[in-house]
Amino acid sequence: LLRQFFLSLPRELEEAAWIDGCSRLRVLWSVVLPLSRPALSTVAVLTFLTTWNDLSWPLIAINHDSHYTLQLGLTTFQGLHHTKWSAVMAGNVITVLPVLLAFLAAQKSFIQSITSSGLKG
């Protein structure tokens, strides 16, 4: 995602900054990073969602049930013969709330990234 975004940036912007006397680090800091905020926030949200919903690695790495993640704890609510669906659904609501809040916080830049990807510059 980031590679494609950086390839879509016009090369003329970097060249104009070099002509104005900016170093490579200054071009990165002053030109490229401000333009890449929507793409970086999209990658941050997708990375957060991937990490938050991971089940297999915590299942392998955590060996004590007091250290379980929320997703791993939800799987323990399902019993062999009986499942407490009210507890599973309450746990699902608790699990979804942080993800929903993270999306609402990053919604403006996330949507800006999606809408700017279709523009021809």
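Among contacts in the protein chain between residues at least 6 apart in sequence, 47% link residues at least 24 apart, where a contact means heavy atoms within 4.5 Å. Residues are numbered from 1 along each chain as its sequence is written, and side-chain values use heavy atoms, with hydrogens and water left out.

The protein chain has 7 helices and 0 strands, so its pattern along the sequence reads α-α-α-α-α-α-α; helices (H or I, at least four residues) and strands (E, at least two) are DSSP runs, numbered from the N terminus.

On confidence, pLDDT is the predictor's own score for each residue, from 0 to 100. The protein chain averages 81, and 89% of the residues score at least 70. Helix 7 (residues 85-116) has the lowest mean pLDDT among the elements, at 80, and helix 5 (residues 56-61) has the highest, at 87. Where pLDDT is low, the predicted coordinates should not be read in detail.

Now to a helix pair. The axes of helix 3 (residues 24-35) and helix 4 (residues 37-52) come within 4 Å and cross at roughly 60°, which makes helix 3 oblique to helix 4. Axes here are lines fitted to C-alpha atoms, for helices over the stretch in contact, and angles run from 0 to 180 degrees between N-to-C directions; under 35 degrees counts as roughly parallel, over 145 as roughly antiparallel, 65 to 115 as roughly perpendicular and the rest as oblique. Leu 33, Pro 34 and Leu 35 in helix 3 meet Arg 37, Pro 38 and Leu 40 in helix 4. The residues of this contact divide into 5 nonpolar, no polar and 1 charged (Ala, Val, Leu, Ile, Met, Phe, Trp, Tyr, Cys and Pro count as nonpolar, Asp, Glu, Lys and Arg as charged, and the others, Gly among them, as polar).

Buried residues make up 21% of the 121 residues in the chain, with buried meaning under 20% relative accessible area, exposed over 50% and partly exposed in between (1.4 Å probe, protein chains only). Two residues compare as follows.

| Residue | Relative accessibility | Class |
|---|---|---|
| Thr 42 | 7% | buried |
| Ala 90 | 41% | partly exposed |

Ala 90 belongs to helix 7, and its C-alpha atom is separated by 9.7 Å from that of Leu 74, 16 residues apart along the chain.
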